[in-house]
Amino acid sequence: MGDIKLPKHMFLWSMSVIYMFAFASLYAQIPGLYGNDGILPARRMLRYTGKPLLEQLQDSPTLLWLGPQLGLDTQQGMELICLLGTLIAFGAMVWEPLRDALIFLFLWVLYLSLYQVGQVFLYFQWDSLLLETGFLTVLVAPFNLFKWKSTVSKRHDGITFWLIRWLFFRLMFASGVVKLTSRCPTWWGLTALTYHYETQCIPTPVSWFAHQLPVWFQKLSVVGTYAIEVAVPFMFFAPIRSMRIVSFYLQALLQVLIILTGNYNFFNLLTIVLSLSLLDDEHVYFFLGHRKQNKSRSWTQTLIKWGTALAELASYCLIVYWTVVYFELEINWEKKSISSKTAFTYHEFNQWLKAVAIPSIWIGVLSLTWEITTAMFKCASVRGFFWKLWATIQWAIFATAATCMFAVSLVPYTYIENDSNSKIWPGVRTMYDSVDRFQLVNSYGLFRRMTGVGGRPEVVVEGSYDKETWTEIEFMYKPGNVSAAPPVVAPHQPRLDWQMWFAALGPHAQSPWFTGLVQRLLQGKKDVIDLVQVDESQYPFKSHPPTFIRARLYKYWFTKVNEDGSVPRKWWRRQFSEEFYPTVFLGDPNLDSLLSHFGLKDKGQPKRNADTFLPVTLRAVREYARPLPAPLILWSLFFTGAAICLLKVLFSGSRSSSSKNKEKEAVAAVEKNDQAVKKEEKEKTKRTENSADCDKYAKKRK
């Protein structure tokens, strides 16, 4: 890798934006999800047993234990954490000195505090990924408290930034492998994308159009996904720089396509941020239009350049060849299509995975060793005994931290292959067990199995006053009304709508929180209703809560293009499947037994907090933000921060240009003054010469 100053700055700025999105998105949903009148009140996760604070933090590492000392209940403590996280992340976005290791450590602690009480609504892979990336960001970010340290801290940047690349490799490689190890027939039959666009959690309008693509193209897209997620990640550690850059663009292309066809909150943005670890300063400058001048090369350098180009071309040819062979790609010129099918068995793939798992670890070991050795030589080149000693100490600390993080990450990484996992040293496994609750390293594997093959299951909640006339309760984001277009809500994640998708995959007993949702809707709790519809006019029971509530399971499908090629008016078609949740009402023995069984029964109202400054301020902020849709809040924050950053760049550019103009004027003035002095000296010399001539002439006359 060359210099990574610019990719590092891009990474830290992007992490500030991701944190801002995550905190602001969750803040808008806290009252309905975790409030005292929410679906899963978070106060039940904190049991004050009278233990000392340190013991409570050991049992559950969250800052919410400090809430009572500030006069806050659990809900207000979570709101305060989200507001602090949003403001600090926004500040780091617009002001570079705040992109500091201590600032990112504080952001990580804040999000971990929320994760500890988040229950099922925060148990998503991207929340774990944000925590792991956030902790690595602490190692990547500089210490800006002492400016004199910044010149030495650059020596070990390659070591800490390499950890981001290793995390990116684990994420992508595992996401590709689990699709095949799950034995899902759609992934093995290459037909997964013929179902994916309509069965994913929250589709976008582009999903409808992508679903209309021909089957051969959908199957070819699955093959491309396998190539990008399974084969290309090994290029992350290639010694040839251009191969790493090509892998960056392939990964970014995949993530952009996913963003266009699905609402996956900040997850795909975070994945693109991880891919920045594949870039260096030279390519960023090239992308910005600042090209380096071609220098003359010796015959040895020219020979090396052609050799690396041939090796790179051979690598690409091997990937293409293996893809064609193992998926039997054939071009049908008559039908203008490409046929494909899986040409290997599960046993063959399992044997390949066993053969690759351990060597992939050794590739990581060699790559990390190279970065550590390179950084060591950089430290040795520092002038001055004191500075060399200080650089060596820093190198030793960060090299040790990187080695430990790499070793601990091997435990969740080898979950993809059991034999490799059993070979992990017991000491490494003990280290992993000790840090597991802090989410420092995690296992990944997205879209393991494709659901909704027989139709997208969707839970439709209905309410009634008389048990005869039923009215559907439409959610803001998930499919419901067949005529409503799919929304675009990313980077916001409506966590209730996401859990409604998971609830439809099984009986309601597998989703205990659903009973809590039914209870709050029967009670007419405003905070929960805001999760369903922020606009009160769109909620059918705004004047009075429903007396009865039930839930029914439907199968949804995207509509198809009309025979004349026109787009239909309806986006969906649906068919009733079965009853999902029985008809219940407040005081219903069946409802009470379910609430008691799941531990959701209200046990009296919590004490009201004192009207001190902090609780009053939090309530005022909540009332101001309540009527605003969450996506609007997120994008308003982002565009405001982006505008401030742009103005700073323009202002600094104008200042630099004005300073350059002043320098030019000063140089011109000096040159003008020099010319005037030279001219005056010439005239003086000329006058002297004339006077001498006159004296000679006078002497001759005498």
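The legends below describe close-up views of a predicted model.

**View A. The largest pocket and its lining.**
The largest pocket holds about 1400 Å³ of space. Its lining is made up of 43 residues, and those nearest the centre of the pocket are His-9, Met-10, Trp-13, Ser-14 and Leu-276. By residue class, the lining comprises 30 nonpolar, nine polar and four charged residues.

**View B. Helices around the largest pocket.**
At least two lining residues come from each of α1 (5–27), α4 (74–94), α13 (241–261), α14 (267–275), α15 (281–287) and α26 (630–701). With nine residues, α1 provides the largest share of the lining.

**View C. The aromatic pair Tyr-465 and Phe-541.**
The whole structure contains 57 aromatic pairs. In the pair of Tyr-465 and Phe-541, the ring centres are 5.4 Å apart and the planes stand at 80°, over the 60 degrees required, so the pair is edge-to-face. Tyr-465 belongs to the loop between β3 (456–464) and β4 (471–473), and Phe-541 to the loop between α23 (526–532) and β5 (548–558), so the contact ties together parts 76 residues apart in sequence. Tyr-465 is partly exposed, at 40% relative accessibility, whereas Phe-541 is buried, with a relative accessible area of 4%.

**View D. An aromatic cluster.**
One cluster is formed by Trp-187, Trp-188, Tyr-226, Tyr-326, Phe-327, Phe-344, Tyr-346, Phe-349 and Trp-352.

**View E. Arginines over aromatic rings.**
Arg-552 places its charged end over the ring of Phe-576, 4.1 Å from the ring centre. Arg-574 lies over the face of Tyr-554, where the distance to the ring centre is 4.2 Å.

Definitions and conventions: Residues numbered from 1 in each chain as written. Predicted model: local features only at pLDDT ≥ 70, side-chain atom pairs only at ≥ 80, totals over all residues. Heavy atoms only, no water. 1 Å grid on protein atoms, 1.4 Å probe; cavity = no way out; pocket = protein on both sides within 12 Å on 5 of 7 lines; lining within 4 Å. Points joined across faces, edges and corners; volume = space filled by probe spheres on them. Helix = DSSP H or I, 4+ residues; strand = E, 2+ residues; numbered from the N terminus. Nonpolar A, V, L, I, M, F, W, Y, C, P; charged D, E, K, R; others polar. Phe/Tyr/Trp six-rings, centres within 6.5 Å; stacked < 30°, edge-to-face > 60°. Buried < 20%, exposed > 50% of the residue type's maximum accessible area, 1.4 Å probe, protein only. Lys NZ or Arg CZ within 6 Å of the ring centre and 35° of its normal.
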